[in-house]
Each structure stands twice: as C-alpha cells, then as structure tokens.
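Please describe how the chains meet in this model and how its ligand is held, with the criteria behind each term.

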Amino acid sequence: MTVHTAQAQTKAHFGYRFNLVGIASSAVILAWALAAILAPKIIPHPVGEIIDLEYFGPISDTLWLGSDYLGRDMLSRILMGARYTIGISLAAVSISCFTGVVLGMTAAVSGGWLDAGLSRFLDALSSIPSKLFGLLVVAAVGSSVPVLIVTLAVIYIPGAYRFSRALAININTMDFMTVARIRGEGTLYLIGSEILPNIIRPILTDLGLRFVFIVLLLSGLSFLGLGLQPPQADWGALVRENIGGLPFGAPAVIVPSLAIASLTISVNLLIDNLPKKIRDRSV
Amino acid sequence: MNIRVLDLILSRLFVAMITLLIVSFAVFFATNLLPGDTASILLGQAATPEAAEGLRRAMHLDEPAVLRFIHWLLDFLRGDFGTSYANSMPVVALIGDRFVNTMKLAGITALLAVPISLTLGITSAVLRGSLYDRVVTVLLIGIISVPEFMVATCAVLFFAVYLKWLPALSFANDAHSFADMLKIYSMPVITLTFGVSAQIIRMTRAAVIETLDTTYVEMALLKGASRGRMVLKHALPNALGPIANAVALSLSYLIGGVIIVETIFNYPGIAKLMVDAVSTRDLPLIQTCAMIFCLGYLLLTTAADIVAILSNPRIR
Amino acid sequence: MSNLVEIRDLEVEATTDSGRRVEIIKSITLDVAEGEIVALIGESGSGKTTIALTLMGYCRPGCRISRGQVLVNGKDMASLSEKERARMRGADIAYIPQSAAAAFNPSAKIIDQVIEVTRIHGLMPAEKARRRAVELFKALSLPNPETIGQHYPHQVSGGQLQRLSAAMALISDPKLVIFDEPTTALDVTTQIEVLRAFKSVMRATGIAGVYVSHDLAVVSQIADRIVVLKGGEVQETGSTAEILSTAKHPYTRELLAAFEPRPREVVEEQPDEMKPLLEFKDISAGYGSIQPDGLPLVRAVEGVSLILEKGRNLGIIGESGSGKSTLARTIAGVLPAAAGQMTFDGRELSRSARDRSHDQLREIQIVFQHADTALNPAKLVEDILGRPMAFYHRMGGRERSARIDELLDMVKLPRSVRSRRPSELSGGQKQRVNFARALAADPKLILCDEITSALDTVVAAAVIDLLKELQRELGISYIFISHDLSVVKAICDEIIVMYGGKKVEQLLPSEIKAAKHPYSQLLFSSVPKLDPDWLDSLEQAPSSARIASFDRRQAFAN
Amino acid sequence: RATDAVAATPVAGGHLKVAGFTSSTADTLDPAKASNSTDYSRCCALYNRLSVLDKSGQTQMELAERIDSADAKIWTVKLRKGVVFHDGKPLTSADVIFSLKRHLDPNIGSKVNAIAKQITDLKAVDDLTLEITLTAANADLPTILALHHFMIVADGTTDFSKGNGTGAFVLESFKPGVRSIMRKNRNYWKAGGPHVDTFEFFAINEDNARVNALLSGDIHVAAAINPRSVRLVESRPGFVLSRSSSNSYTNLNMRLDMAPGQNKDFVTGMKHLVNRDQILKSALRGFGDIGNDQPVFPGNIYRNNDLRPKPFDPDKAKFYFKKADVFGHSIPVVASEAASSSIDMAMLLQANAAAIGLKLDIQRVPSDGYWNNYWLKAPVHFGNINYRPTPDILFSLLYASQAPWNESQYKSEKFDGMLVEARGMLDQAKRKEIYGQLQAMIAEEAGTIIPAYIAAVDAVTAKLKGMEINPLGGMMGYSMAEHVWFGA
Ligand SMILES: Nc1ncnc2c1ncn2[C@@H]1O[C@H](COP(=O)(O)OP(=O)(O)OP(=O)(O)O)[C@@H](O)[C@H]1O
Ligand SMILES: Nc1ncnc2c1ncn2[C@@H]1O[C@H](COP(=O)(O)OP(=O)(O)OP(=O)(O)O)[C@@H](O)[C@H]1O
Ligand SMILES: [Mg+2]
Ligand SMILES: [Mg+2]
C-alpha cells in the first residue's frame, strides 16, 4: 500500500513518504488547481456567451460538457468556476480555521475570563441568523470577493473554535503543558508548539469538512448578492442554476456536482493520507 | 464534583441570559441597519412616500429604535412576544405550530442521525485505513458535497415522481398515523441526516483515532480487552469532549438552518419563518425566532461543555 | 519441570520511516519454568521491556517480531490469532507496565480499571473482584485501601499508582506475571512490603514471573534465576546465587560493582559560599477546594521549612505518598503554596510560577516524576531539548544542535534518539530526556523527582557523576527526591525525611545511622541487601511496626 | 395550449389543491394589502369585485349590475340584489363604500392607494346604489375596479383573518406562509356556484419542487412553472400546460437624470444592443411576446401594433456608444432575482456588449429589499411590472412626469398633457390614437427597454377541466377555483 518515492529511496534520511491514496488525491487537486489557473487561457468560449439555442444540451463534439440552462458552454463555465470555488473556498477555510483554532486553543490555555468571554461572544455570533448576517454585510460593506471570503470565514469561525477548544482543553491538562508553562512560555508557543501538534489531525479533519461546507455555502451567499457576480459562477451556483436539468440527467447539473465531489473528496482523502515526514531514528 | 457541575450549569444559565440579551440587541440593530423598513417593504412596488409614512405611523415604526427595543424587551420579559408587523397576528400564534414542527423534524433527525453517525465514526476509527474506513469517508464526503437542494430534489424525483412511494410534500399537520409519519418524514429526515451526520462521523473518527494511540488504550489491549471495549471504554470517554461539541454543532443546525429542506418539501418550520421575517423586516418575529435559535444553540453547546467537563476528571 | 515459557530465537525489529530495519532484540532464547521467577536485568534500553511485551504477543507500534517463537503454555504468542491472544492476555499472562502513569485511563476511576480484567474475562462477579482488589491494596500497603479506588489516576502519587497497577495485574490470578520495574517508584519501606506481597501471592498460587528490573538487590530477593541483557542480547544466565557470587560477564560485574555505594566526597566548604539559595518557611500545600481555614481539603504538605545553600544538595526521602512530589511542585510554583514564605537567591519567590520572573523560572528547573506524561508525545526529542535553549538563551541553529548532542552524550543517550518521539524510547531513555531538558536551561537549582528510578545502576551512577561534575563546574544545587538511599547518600549534603506531608527529620548523610525518628530508623534499615535471603530474614513486617508507632494521617478525605 | 375541454359539462365535487409560487408570513386576506398571486388567489375565492375582466379583456359586471357615467367623472354603481356575505349579512352600498374608502386611508397601507386617490367622493344613493366622484374624468373606472385589490368586504371589517366575503368559497383555515383551506359556499349568489367541494391553496416557492409535487400527484395545479420545466411536464402523461397571455414584463431602466443615461445616445445604443429574439428564446424559452419598449400589453385594445421594436444592431449600438463616449468605462447594471429573469437578461446583454467592447458590470443584489433599495434608484437597473388593465394606469403610474414609479425619470409636458386629455375621453377611437402616440413617445424617448412581455405557464393535471386564459394573470386571473372541475 505504501509507496516510497524515488527520492526517499536514494536519500534514505530525508523526504516524505507518500501513500497511493494521498498521491491520487493530490493529483486531482493539482489538476483542478491547474485548471483554475489556466482557465482564462483555455476556455473554448467566454463564460457568458450563448452558443446553443437549446438548453441543457447533451455532450457533443462542440460542447464537451453540454450546455447550461441558457445554452452556454458548460466546459468553460466549469473551468472558470474552478477558479472561484477553489480560490475563495481555500481562502475562506484557511481564515476561518486559522482564526477559530487559534482562538479555541488560546481560550483553552488561558481559561478564565478570556475563555468565557470568547466562548459567549462566538456563541452569540453563531446565533445570529445567517441570512440576516449576509444581508447586513451586503448592506454595510457592499459586495466583493474579499467581503465574501471574510463573511464565509466568520460564519465558520465559531465551529472551528468550539471543536479546537474541546480538543485543546484535554491536552491542556497534561504534564508537559505544565512543564512548558513553568518554563515561562507565552500563550503563542503553548498553542502553536505544544498543543497544536497533538490535535493537528482532528483539526485538519475539521478543516476538510469545513472546506466542503464552504464550497456549498458559497453559492448560497452569491444568491444573497454577496460576492461573485454573473456571468461568473462557482460550482455550487452552477448546480443550483441548472438544477432544472436534473430530471433529464443534464450534464449541466451532473458535471458541476461531480466536480465538487471530486475536489472535496480529494481534499479530505489527502488530509487523511498526508505524506509523512521521514525521520531518521535508527539506533 | 456534582456541585461543580451544578455550579457550572447555574453560571451558564446566567451567562446564557446575558448572551440572549446581547443577541437580541444585536439582531434588533442589525435589522434596523438593513436598508428598507417594514412599511416600505410591505408595500413593495406600491410604496409611495405618503403610503409608507402612513403605514409606519400605524405600526408605531416612527418611534426611535431604542425605545422600540426597550418596549419589545419589556414585553418579551413579561411573556408577550408581540405582534407580527407583516400580518398583525400574535407572534406566538405564528410560531407555535411551526416551532413544534421544527422540533419534531429536528428530534426525529437527531434520533436517527446521532446513533448512526457515532457508530460509523467509531467503527471507521477502529478500522482506520481499512477499505471500510475509506469507503465510509469517500461516500460521506461524496454525499455531503452534493448540495442539499440537489439531494432533496433527487429524492423527490425518485421516490415521489417516478416510484410514487412517498408524497413530494411534507405537511407536518397531515400526519394522522404512524404510516403517515413515516411517509411524510422519511425524505426530509434522510436529507437532513446526510448533512448532519458528516460532521459527527468525521469528528468522532478523528477524535477517537487520537485517543486510540495512547498508552492506556495499549494497556487495555494488554488486559485482553476486545477492540470494542478498548474503543468504547477507553478511547471514547477521553474523546467525548470534542465529539459532544461536534454533535452539538451539527444539531444546532437542525433548529434554524434547515431552510432548504423546508422549502423543497414545503415543511412548515421556523427556518422559513425566520427568512420571511427578515425579508419583511418583521422585527417581533425576527427577534422571537432569533431567541429560539440562540436558546437552542446555547442549550446544545452548554450540554456539550458539560459533557466535556464530566468526561475529563482533571478539569472537573 | 515443564517450561511455562519458552522463547526461541526471538528477534524484534523496528522499521524506521526510511524503511531501514533496526534490530532491537537479537536472537534471544529463554525459558521460564512453572512457578519460577526469572529476572531480566540490564542496561536501560537493552530491550527488557520489549522482551516482556513479546510474552504478551505484543510489540510497540513501529516494532514487530521478525523471527522466532514465544511459547507460553505451549502456545506461540507470536503467531496466535488476535482473538486467542486477547483470551490469554490478562487472564493467563498479566503485565505490570513500567510506567504506571501512562497505563491508567485518566478519565476512569481506579477501581474500575483494576477490576476490568475480571470483567473482560468473566473471572468473577464485580463485587467479589472489588473485594479482592481491596485485599490486594491492603497487601500492597496502599493507604485507605477501601476508598483509594474511588479516585482518579491523577489524584494519587507516583508510587501509589505503581502499586495500583500491580494490583490490576494480580487480581486475575494469572499463570505468568510480567513485572516491568514494579517498584522503581517506591521508597524502600514500601518496597519491602510490596516485594513481600508479590512473593506471598506467587508462592501461594505457584505463579511464574518475569521480573524486569535494573536493581540487583531487589532482584536477588525475588528471582530464582537472572538473565542479564545488553544491546538486545543475552549476556549471561544463571541462578540468582550464581550471578551474585560468580558473575562471569564483565557487564554483570560492572553492575555488581556499581551497586557498592560510593560515599560523597566532601567538598571543601568555603564559608563565603554559604549563602542560602532557597529558603522557605512553613509551607503548606495540597489539593481540592479551599477550606475555611485557607488550606486545601487534601493537605499533602504541611508546615515544611527548609534552607538550601548555594552549591549544596538536599535529599528528600520518605514514604510513597508522603508529599515529596507535592513539595517539589510547590517549589516550582506549579502548585501554589497555600501558606508560607519562600525566598530564592535573596529575593522573595512568588508562590505561583505565573508571577515569577523569567530568570527565576529559568533558574529553578523541575524534573517531573513521570517522564511519560512530561514529554510531549507529538514532539521530537531534539525539539524537546532544544526549546529551553532557544527560549532562555536564544540559542539557534548549529549551536543548539551541538548542545543537544552534548546533552544526549551527558545523559548517555545515543544521538540517534534526536529524531525520535517519546513513545519510541524506553522508560529509562525517557527519564533521561526529561532530565536533560532541565539541564538545557542552565538552572541554578534543579528539583529532581526520581530521576534515576528507571535507570540501571551503571547508568544511574553515570548520571550521578554527571550531576556532581556539573555542580563542581557550575555550582548548581539539587533537591533530590529519591527512594534510593544509596543515591541520596552519594550526592546530598543534607537529607530531610518526610512522612505524612510533614518534615519529620533533617540529617547529614553521615548521621544516617543515628536517625532519631522511628520512621527514619525504619527507612534506613529497610535498604535491601545484595543477599537473596535478606527479605525473608526480616522478622517483622515493617508496616505493623510503623502503624503502631505513628498516628497515621488520613491523606484522603472521604 | 389552453385546455380544450371547455365545452364539457361541469362535474361537482372534489378537493382541489393548487400550489402558487410565492408565500410568506406576509400573506394576507385583506384585499387592500394583497400583493401577489397567492393573496389574489385566496381573495378571488373568498370575495367578489364590482367588475371583472373576461378572457378577451372586456369588462364584465360582477357584484355591480351597472357602472355608468355621463362624463366619466361622476359614476353611478348599481349593485346586484340578494348577495350575502358568508356570515349571512346582505351586501349593501355601505359595504362597497367602506371597501373603496379603505384604499384612501394611508394607515391601511393599500397597494392601490395611488390609483384610488382619484376618487374624491363616495356617496350612497340607496341600499344598492352609490355614486363615485373622481378628481377628473376617467373612462376606465369600470376596468380599474376589476383590479384584485378592489374586492368588496363587509362594512367595518378590521379583522380579515376570517375572510368574510361574498365569494364562492368560505374560509376554513388560514395560516400565513403555510396554507389555507376553503370550502364551497352553499349560498353563493352565482348560479351553479363553484364545482369543487373544497379548495386548498398553498405555495411552493421552489420551482422544481412545485413541478415535482404536481408530477407526483400531490397537487393539481402548479402555478407559473419555470419554462425549462415544460419539457419535463410534457414528457409525463396526464398533465397539460395552461399558458396565460403575456401579462408582465421585466424591463431595463436607465435613469435619464443620471450618468450614463443622461446621455441620450447611450440609451439609444442600449436599445439597439438588446437582442429581443434571443431574450425571448433563451431567457424566456419562448413563453412571451417580443416587446417594443412601451408598457401596453399585447392583446390590449389600445396597443399600438404599428410600433416596431428597435432591431438588434450591434454596429449601430457601437456607433451610439462611441458618440456617448462610454467605451473604457465599466457600467454597473443592477439585477436581482426579484425582477424575474433579469439576471439572465443582464447576462445576455452583457455578452452582446462584450462583443462590441463595452463593459457591463452586472451587480446581482439580494431580492430581499430590492424594490426599496435599488429599483427606481440605481442608474441602470431592472424592473418588473405586472399586468395593469388600462394604458392610463400604466402611463400615469410609470411615465407621467410625476408618476410615482417613473423608472427612468422620463419627463415630458407634452406627454402629461396628452395623457390627461385622453383620460376623460369616452370616444374610444380617439383615445386609441392618442394612446398610440404616447406609446411611440415612450419607446423613443423614455429610458426603459421592454424587451419582451412574459407569459406565465401553469401546469395542470389533465383531469382538471374548465381552465381558461385571463389577462389579469395566470390561473385564470387567479380565480380558477371558482371555475374548474374534475373531469371523470
Ligand atoms: N519504535 C521504535 N523505533 C526504534 N527503536 C525503538 C522503538 N521503540 C523502542 N526502541 C528502542 O528499543 C530499545 C529497547 O527498548 P526497551 O523499552 O525494551 O528497553 P528497556 O530495556 O526496557 O529499557 P529501560 O530500562 O530504560 O526501560 C531501546 O533502545 C529503544 O530506544
Ligand atoms: N490531584 C490530587 N488530588 C488529590 N490528592 C492528591 C492529588 N495528587 C496527589 N494527591 C495525594 O497527595 C499525597 C502526596 O502525593 P505526592 O505525589 O506528593 O507523593 P510522593 O511523596 O511524591 O509519593 P511517591 O513517592 O509515591 O511519588 C498522596 O497521598 C496523593 O494521593
Ligand atoms: Mg523498560
Ligand atoms: Mg512522587
């Protein structure tokens, strides 16, 4: 099941050990990333152009992935959609998990008022209905991609916070934490170097899931008027706008769903199968 | 230690009150910040300045916002949830049935989703790296990566339109027998279960795997404990904190976040009510819904926190 | 006599990340007859624990049995199915782990974990098991045997936990018990009782045993045969008497030689150096909620005062559970004292580490008793050791790397452990990493809580030498908590004896013979001798004497 | 594809389930506040109007026996005898006066307050006769009174949750945002009464869910289905489509008092840039009629059919844009789900613009609050206008200088003058001529582009008979419950 990369075999002490699933999922992610980067150069048609007078057209020589509900080229729309789905989701998930996890660990380590205050504040934040929140954001700061990213991130911070705090609280009771504390270590070190390595796997799992949620929520927020503007559309929005094609099994709705699934499954499998660093611990 | 928990619950209740107050305040002002007021939104295309002005006066919307908030709050404390701006019905009457419906749906989903997800999460942790584990992961992510509205639509197409086994709509009030219940709830519940279980399964798996690597689980092995015992008696109790939080977060979604399921199955719950209320800036309704969501959320997270504390004697 | 255990050509190897194989055990052949007790002794890291675990058909993660057979009761543990192994584990073969602290589930009550074996194998009803556990607790001279089981693992002392884990193994009346250093954390008085308990249990039921230890004196009391290991290979085998009297192998001789206590060469005391480094008055500390009188519910340390001069060492000895570790934690500021004053290096010392200055924190280092839990399992040894250097001395890159190597050499660890995680180290190796970390800070005072308990005499002697050398060069002071009197005598300028949370006596090493307090007298007379008959020759169980002579304080509030 | 079973004899009985397309807590049974098809549908079942429009758009009497005037300024309404409310109270002129007066009270929040304001006086002549005095002559009054909002309620009603009207159905239960159930009015004054026994109405906001509910047999009528679902419905046996006349439109508004609409050339350029054919085909899937930038709906007797739409001509557009100097700027165009199909139209327009190098920046904004925050306000934005029966209403609402919804801020004294002049005319031919000129003026001068008129398509089980087209809207002008029956 495990594969040693050529590099690892020659330089036995260094490098990373990959496993097959890890490689496969990285490949899928890389392929999509590449598609996202190259999209503007390789799309056969502009995303807004109508080239098919029919709608929900099938796969054909000219339309490799069929046409959408307006008769636009799906291939182009999906390739361009990759840019937004990957870019925005990645940015949002990084921000939300980073902030949530840092705050969660800080709360666990500090305890007391900081913990209570942060916890209640974030409880309150996540109690505010998301539609109200979204509308408020549009009304207050208008709509742009950065605003979209921050909004998505803010929506998911409380979850990341709760989970990491729960994990960190258990670690915080261990003796090695006491050792580090009486060394005089600051909170930053405690959370970054002592706690994080012990909870990183569940945290990454959480991140993987949050990524899925964000990919899906993205389209919901676009419909609230936040962020992406037509004719651009992320994959979730592609599914949504073409959902009418479902009874006909139109590629316009199937393909973006598959795209989402392939990306999110790969991200999660990669997280489960991250390459391991090879340490030299021979006697 | 029970005193500690009691203490915690009491202090949490107190803090919850304050949180509720803050949330109601935040929601009130958020609503006020939104452009467009109730009167002009209700009038829609017909909103001439005079007409809107008249309606505003009729609904006492011309009072200063703070005053209205205080009025609302005082009434609320007295148990009077106010009257809906949009249709002048008492908020309680509007929410009553729908709240029950939401709780029914949430309850049934939780009863189904939580045990299944915990089982799947734990078993895939135990068999980590195995084919089973991989299949669960792939299926799970595969399922949740399909947008909820698509899952629901597929289900309707398949079970209602083609097979005609189940109704496409789920009017909660129409359930008179157990068979009705089954018919009405199966699709919404399954759709929701898909969404809700993912987080529980994945987080349970991750948290349990973390504790499976510890020396005390190794020791249990050396005592001859079965895999099941190792996991259930030794690994799981030490992972309860994070798991409880994952469960709480997932379930809190069921209280206010099931708008898509409510829309597609035309299930009358409070998520849709809230969205409507926001659209019409129907403050009393928004406030009351927000209080319900907030209370639900706080209850769930407090329960999770208590579980976490009880499960770790060092922080008791 | 048929053999209960037959190990044939056993090899265990670890596969490193790079795919390289490392042989940990190299072709070992070993027998244990029914009812026989065989001791495995040898250097720290020589593979004792590894062999002991193979008897359970188990290898630590990353390792595997690569060759050979481990026959227990005629069944090959190496090739048995997992289900059958599970059936034997706990019921037929029981294991007392080296690190009791890591073996207990932190979230379950002790009693439930102790009787779990009987539940797993359906050996007896729970009520009976509970009664049996209490009997064992009594036999192992645990305080409050009726109620100690209701506590959680973190609420009892190191030695208590170790005895509890022994009870956990013995409760099922197995055919074979594997003792992995079961008395390392015990003071000598308790050790005697525990050894006695082991002996009587095993004799009564004809249990065979594999006794892993580095302490020849202890081993000689209990073992029928001794196997000496080094580097994963058997060096020498023989009956206890043979090994003690006519050891052939140089390593064995070295072990025996190291046992002879080397008294501390008295340093010329320059009077101007006699400044107090650490001083404290009437320190009380403990656990649980604060009572109306301002003191905690469980008072583990009560009204202790002491003075430690610069460049001198203080030994703390005392019964297991007498509050030694608690005292050390109080000095380190981990557990803020409930009452009393402390000064360090002429300045007042805050009770809580939180309020102490950066320098004070650096200057007082504590080495925790449980190396397992004090080392972050997710970090590499080099990161663990490198951090204090970076933190206190802003040492970076190559300099730090060189210093890490230097420290590893000092504590006699191979440099290859640098990139290992704590779980990939043996018990003694962890303990040394734990200690090396304290050294890395360049402190003025090190609080050593049982830093040699898991080390064989040779390595322990080397570590003691290291301590002395550092003291000579850098003027470090030590507070040395240990139950090993020879070690304490070898290094300490002064010794205090603790009992029931109080300081009962303070002596010079030379005055040991003249101890006045009855517990001290008992303690000093309990040091095991390299004589197989020593234990049996003690006429009276010391505990009865002890209990008769003191008013035993209740450590546990019920 | 209207149903062909009109001739068949009605059968009584059955439980009719109809799903509209929008519903919220703002649902109301107060006709004055009714704001969408859902409210109209319920009100049509519960109440009656003085007059109604028939399928050809002609005004017919309902509760009124006659509505006459000599000068189009003072109107006499003679009520039908023997009409009773659900609670048993007979209909009198007081009820009518009360019902009409409500629209004048700003506190009520009537949707037709602006139209009703031309009524200056209401006077009961006797129990069944009343007199309506207008500010100025308006020959359209009988048609205006056919609007859904002018339903007649009982005098003094303040609580509308009972739905006490004179209509074909009696309310059984009503939950705003959920559903309402009504039962046949046994004492209905119209001979024959409604055919079905009970009528259940609710809305399924989600387009696909509505169609699926129909296909699975949960409902009998799915109102206003997405044109893209037509293929699905047609592919399943047992369902028919009922297409309404084109009675609403989504238009692009360029405010003439703001950049870039300030520049006449920009507006003209845009009118040439719109590909009306493409919009009709791609965005509306053919369900509608090509628009010619003026608001009078096809089929209306006053419509100026000689007015040809501006042809799609990118070159001409480019020429005008060059003149207007708009190249190099990005022009924001506000669209929203609130204005149906506006986003699709915007995208089509954007693609055409891109082809000639003009950058249109589509801003999709939340449908929530759209009518308050963006409509009429943004320099370039979309609007959506529903059916109004008379050109006069449309013009005075949308294009007169002081019109409350003057979407492009079109100001023309000449236009205002002609509008007032035509309003009082009882001579239909003359009026038609003036209205024709006004339509031409709008198409040429106003900043509104009306690319197409949109037809609603209702999907119906084939069992349901008696469905007809009505210009007032889908579902037979929302009054289908009273007219349909279940065939054998
Ligand atoms: N996963 C591993 N990878 C590599 N080496 C390992 C691993 N686990 C243990 N070792 C090495 O195997 C050797 C034997 O370890 P073992 O625990 O059996 O020693 P021990 O004799 O019990 O020592 P001690 O007295 O210190 O407990 C040690 O040198 C240890 O470093
Ligand atoms: N967290 C705790 N809560 C309650 N009691 C505790 C706690 N930790 C320790 N104790 C009790 O305090 C007493 C002193 O414990 P301490 O660890 O100081 O003993 P010790 O002298 O170091 O013993 P040993 O030699 O066995 O390590 C013991 O009786 C122990 O059971
Ligand atoms: Mg060992
Ligand atoms: Mg101790």
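## Interface of chains D and B

In this predicted model, about 3500 Å² is buried between chain D and chain B, with carbon and sulfur atoms giving 54% of that area; buried area is the accessible area (1.4 Å probe) that two parts lose on being put together, summed over both. Within chain D, the residues that lose the most area to chain B are D:Thr25, D:Asp368 and D:Asn372, which together account for 16% of what that side buries. Contact (heavy atoms within 4.5 Å) links 45 residues of chain D with 48 residues of chain B.

One salt bridge (a side-chain nitrogen of Lys or Arg within 4 Å of a carboxyl oxygen of Asp or Glu) is found across this interface, and it joins B:Asp97 to D:Lys175, whose closest N and O atoms are 3.3 Å apart.

## Surroundings of ligand 1

A residue is counted around the ligand if one of its heavy atoms lies within 4 Å of it, and 22 residues surround ligand 1, the closest being C:Ser44, C:Thr49, C:Thr50, C:Arg420 and C:Gly428. Because the surrounding residues come from chains A and C, the site is shared between chains.

A polar side-chain atom of C:Arg60 lies 3.0 Å from an oxygen atom of ligand 1, while a backbone N or O atom of C:Ser46 lies 3.2 Å from an oxygen atom of ligand 1.

## Basis of the values

Residues are numbered from 1 along each chain as its sequence is written, with chains lettered from A and ligands numbered from 1 in the order in which they are written. Local features need pLDDT of at least 70, side-chain atom pairs count only at pLDDT 80 or more, and totals for chains, interfaces and linings use all residues, while side-chain values use heavy atoms, with hydrogens and water left out.

Technical notes
A polar contact is a pair of N or O atoms within 3.5 Å; within protein, one must be able to donate a hydrogen and the other to accept it, and residues adjacent in sequence count only if both atoms are side-chain atoms.
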